Amino acid sequence: MGCWKQEKTNTWAFPTLILCLYGFFYMMKPSEPFLTPYLTGRDKNLTTDEVTNQIFPVWTYSYLALLFPVFLLTDYVRYKPVLLLQGISLIITWLLLLFAHGVMAMQVVEFFYGMVTATEVAYYAYIYSVVSTQHYQRVTSYCRSVTLVAATVAAVLGQLLVSLAHVSYFYLNAITLASVSLAFLCSFFLPMPQRSMFFHRKDTPEPLPGADKGVAAGGSHRPSSCQEEKSPNPAARGPTPQPQAGNARPHSHMLSVLLQLAKDLRDCYSSRKLLYWSLWWALATAGFNQVVNYVQVLWDFRAPSHSSAVYNGAVEAIATFLSSVTSFLVQYMKINWDHFGELALGIFSAIDAGCLFLMHFSTNIWACYASYLIFKACYMFLLTIATFKRFGTGHGDSVFNLWQLLRSHTRDFHDQKHLCAGLMQMPKENSEILHRAAEPG
């Protein structure tokens with residue numbers, strides 16, 4: 001019996017199934033599209049000014065403070081303990097949302113939600129440490145698809161419960177608490193990885209099946225990074241062998257890991273064009289996250305939830321569906337992105353800017369909803385192209401820089417009436433970066 005269980009956990013299917021269940025329940029949060037109406041409604045009795053200026057910014061600052069330490073901790077403890085930490089943070093977040101009151105309590109909620117989002121790196125990185133390289137594409141597809149499905153189902157469910165069953169926002173949060181608790185339970189069944197990207201590398205690459213063909217996996221167990229773009233030499237891409245535990249003290253091993261990380265950063269950003277694209281990535285994603293963080297406040301300003309029907313859930317469901325469709329269609333587009341990638345990014349960034357203009361100047365809630373749908377679909381389309389072309393680094397440093405940028409802009413966006421106008425500056429900066437990236441040399 002024990003042998004069978006060990007064999008089961010060593011296959012790619014079992015950890016993938018458990019991680020997909022975790023991802024489904026983690027993203028199954030029907031209360032999320034209705035967070036602002038819940039906080040400003042009779043359940044919490046907070047003002048829009050308190051929510052915008054005192055509560056929501058805590059998420060940005062806490063995410064910034066936690067992201068890089070959590071990134072290193074995730075690798076050091078090999079992913080699973082961080083997934084457990086994420087589950088605990090989710091439960092604390094929704095317990096406080098349900099039963100705590102006041103501005104300070106909601107600020108604590110935002111801190112723990114910052115912990116939740118900072119630990120997302122463990123979800124997307126875990127699976128690569130427990131499956132062989134031949135399954136990377138399949139498991140990546142499963143893990144990312146299940147989160148999109150869960151987010152869509154959650155938004156539809158929330159909208160149906162609010163509009164048809166007239167369920168209060170309090171019970172939506174209770175359903176979310178039950179869902180994230182199931183996610184936490186699922187995380188206990190995940191096998192403990194034996195390797196990680198930096199601190200627990202394997203000295204030899206894992207061979208692909210079919211040893212008779214004599215083909216080995218190229219370099220490392222981790223997905224390809226910017227170092228592959230830099231050097232065609234497979235030896236340069238392979239992991240640096242780490243000293244054996246008996247021959248080096250722990251602090252020496254830590255130093256070697258940090259030196260390797262610094263080398264990766266230097267290699268990634270020694271390419272001028274890659275640096276430009278990373279700046280575009282950071283600017284665009286900073287704008288997107290600011291919109292997502294504050295768009296419910298804007299909707300509530302255009303159509304107050306206490307006197308108007310709220311369709312936030314339906315809008316989020318449609319936006320997620322459109323985003324997944326546009327991202328999926330990229331693989332079927334027979335376009336040379338080396339030649340037309342910058343043009344596509346410029347055009348769709350301009351469309352996103354137009355959507356922000358419309359959201360800012362329009363007083364019609366339906367125009368705001370439509371603009372948000374187009375904005376999110378275009379952004380996801382662009383992000384898919386950028387990912388496909390490997391314009392991101394894969395080491396978390398671009399995300400860290402992104403949230404430094406987010407923090408610097410947060411104070412400018414607290415007033416919901418000026419939110420969209422402020423965000424429209426970002427696509428303009430993007431176009432300048434794209435122009436410089438297109439210059440020779």
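The secondary structure of the predicted model comprises 19 helices and zero strands. Helices (H or I, at least four residues) and strands (E, at least two) are DSSP runs, numbered from the N terminus. Because the model is predicted, local features need pLDDT of at least 70 and side-chain atom pairs count only at pLDDT 80 or more, while totals for chains, interfaces and linings use all residues. Residues are numbered from 1 along each chain as its sequence is written, and side-chain values use heavy atoms, with hydrogens and water left out.

Of the 441 residues of the protein, 51% are buried (under 20% relative accessible area, with exposed over 50% and partly exposed in between; 1.4 Å probe, protein chains only). Contacts (heavy atoms within 4.5 Å) were taken between residues at least 6 apart in sequence; 84% of these join residues at least 24 apart.

The largest nonpolar core has 61 residues. Such a core is a set of buried Ala, Val, Leu, Ile, Met, Phe, Trp, Tyr and Cys residues joined through side-chain atoms within 4.5 Å. Leu19, Leu39, Leu83 and Met106 have the most contacts inside this core. Leu19 touches Leu83, Tyr123, Tyr126, Ile127, Cys143 and Leu190, not counting residues up to four places away in sequence. A second, separate core of 30 residues includes Trp280, Trp281, Val295 and Phe381.

Two helix pairs involve α5. The axes of α2 (residues 13-27) and α5 (residues 80-99) come within 12 Å and cross at roughly 25 degrees. Axes are lines fitted to C-alpha atoms, for helices over the stretch in contact, and angles run from 0 to 180 degrees between N-to-C directions. Helix α2 is therefore roughly parallel to α5 (under 35 degrees; over 145 counts as roughly antiparallel, 65 to 115 as roughly perpendicular and the rest as oblique). The crossing is left-handed (the near helix is turned anticlockwise from the far one by less than a right angle). Leu19, Tyr22 and Tyr26 of α2 meet Leu83, Gln86, Gly87 and Leu90 of α5. Five of these residues are nonpolar, two polar and none charged (Ala, Val, Leu, Ile, Met, Phe, Trp, Tyr, Cys and Pro count as nonpolar, Asp, Glu, Lys and Arg as charged, and the others, Gly among them, as polar).

The axes of α5 and α6 (residues 103-118) come within 8 Å and cross at roughly 160 degrees. These helices are therefore roughly antiparallel. The crossing of α5 and α6 is also left-handed. Residues of α5 in the contact include Gln86, Leu90 and Trp94; those of α6 include Met106, Phe112 and Val116. The contact of α5 with α6 divides into 13 nonpolar, three polar and no charged residues.
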